[in-house]
Amino acid sequence: MDEVGACLDEEIVDEHTFIDIGNPSPAEEDDYVDILLVKETSFGFRKDKSLVLGNWMKCARLDAIAWILKTRNVFGFGCQTAYLSMIYFDRFLSRRAITNEKLWAIRLLAVACLSLAAKMEELKVPALSEFPVDDFNFESKVIQRMELLVLNTLEWKMGSTTPFFFIPYFISKLSIESPPSNKVSQIVELIWVMIRETNTQNHRPSVVAVATAILATMDDRLTRKALELKMKSISQCRYLELEEVISCYNLMQELRLEKCREEADCLKSPDLSPTQMKPLDCSENSSVTSSIASKRKRLNFSNLDEKCGVAEAKRPR
């Protein structure tokens, strides 16, 4: 998993990190955010306790995140594009099961999701043949068919919001002065750390944005009462559940503290990288995985031509 850590280390805050909506008046900005928050509710972001990924799938998901972040840096995609692709990825896996430890299928799904997200967000989208697939050999037509499968599985609902739509707005509401860029960069990095630990469907993007904005502008530790008062001072927070924000805020705090501890341990042991601190057992518990996967539609890549037009990808020799 060292590649994940390397991708996180390369993350920097630039002009593409947040969504630029020009220079609207405060009233226009409030109205715009209201529209986004209402739109967000239509995507049904909620924690699905029935969706439990086995250890192999967790490892495969981490591999997909590493590839997406690495490819984002290669093409210069915005952060919102990378996050949106993970929303597609997680939504897809909540509806279809990829079994039998087919890592090539996970990579094909990651490529399709990032390509679709780029088409939604980027002005210039690379050709499918330009996407780096490492040791896999996916023809463009195979990726296109996988894109179609993703679109059909997600019912063509692709216009989801991401935290990067909301973070500048909530930061401006919580602080008169903008926080230092290095602090914002650290907080944005926490978002990537968080999606490694939890499904993107567990927290609404606006909830992640509020928690991120609070961490970027306020004291490290806020009481529940202080957090509630801050939220009440922003009218748009009426769309959010206090408990969800507190849960996300606490999670990000824990991840930040854990990251600090890991970095301190690495200073003591230079040969140990942060990503080696928490090894994940990638052996599969077949009984648990089978029972969970059976609740979702299985994705059988051996006969996808007749079902949804996706041919089996060429395996590396």
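Is glutamine 253 buried or exposed? At 3% relative accessibility, glutamine 253 counts as buried, a label given to residues under 20% relative accessible area, with exposed meaning over 50% and partly exposed in between (1.4 Å probe, protein chains only). The model is predicted, so to speak of local features takes a pLDDT of at least 70 and side-chain atom pairs count only at pLDDT 80 or more, while totals for chains, interfaces and linings use all residues. Residues are numbered from 1 along each chain as its sequence is written, and side-chain values use heavy atoms, with hydrogens and water left out.

Glutamine 253 sits in helix α11 (residues 242–268). Helices here are DSSP runs of H or I with at least four residues, strands are runs of E with at least two, and both are numbered from the N terminus. Threonine 212 is 41 residues away from glutamine 253 in sequence, and the two are 9.8 Å apart in space, C-alpha to C-alpha.

Now for the aromatic rings. A pair of rings is described by the distance of the centres and the angle of the planes. Rings of Phe, Tyr and Trp (its six-membered ring) pair if their centres lie within 6.5 Å; planes under 30 degrees apart are called stacked, over 60 edge-to-face, and the rest tilted. Eight aromatic pairs turn up in the structure. One of them joins tyrosine 83 and phenylalanine 164, with ring centres 6.2 Å apart and planes at 80 degrees, so this pair is edge-to-face. It links distant parts of the chain, as tyrosine 83 belongs to helix α4 (residues 79–95) and phenylalanine 164 to helix α7 (residues 163–174), 81 residues apart. Both tyrosine 83 and phenylalanine 164 are buried.

Phenylalanine 164 also pairs with tryptophan 192: the centres are 5.7 Å apart and the planes at 35 degrees, so that pair is tilted. Here helix α7 is linked to helix α8 (residues 181–197), where tryptophan 192 lies, 28 residues from phenylalanine 164. Phenylalanine 164 has a relative accessible area of 0%, and tryptophan 192, at 1%, is buried too. Elsewhere, ring pairs gather Phe75, Phe77 and Phe131 into a cluster.

Next come the charged side chains. Side chains of opposite charge can pair when their charged atoms come close. A salt bridge is counted when a side-chain nitrogen of Lys or Arg is within 4 Å of a carboxyl oxygen of Asp or Glu, and a search of the whole structure finds seven. In one of them, arginine 61 meets aspartate 90, with the closest N and O atoms 2.9 Å apart. Arginine 61 is in helix α3 (residues 55–75) and aspartate 90 in helix α4, so the bridge ties together parts 29 residues apart in sequence. Both arginine 61 and aspartate 90 are buried.

Helix α3 also supplies aspartate 63, whose partner arginine 107 is in helix α5 (residues 103–121), so this pair ties together parts 44 residues apart in sequence. The closest N and O atoms of aspartate 63 and arginine 107 are 3.0 Å apart. Aspartate 63 is partly exposed at 22% relative accessibility, whereas arginine 107 is buried at 5%.

Glutamate 147 and lysine 119 form another salt bridge (3.0 Å, N to O). This one links glutamate 147 in helix α6 (residues 140–153) with lysine 119 in helix α5, 28 residues apart. Glutamate 147 is buried, with a relative accessible area of 6%, but lysine 119 is partly exposed at 45%.
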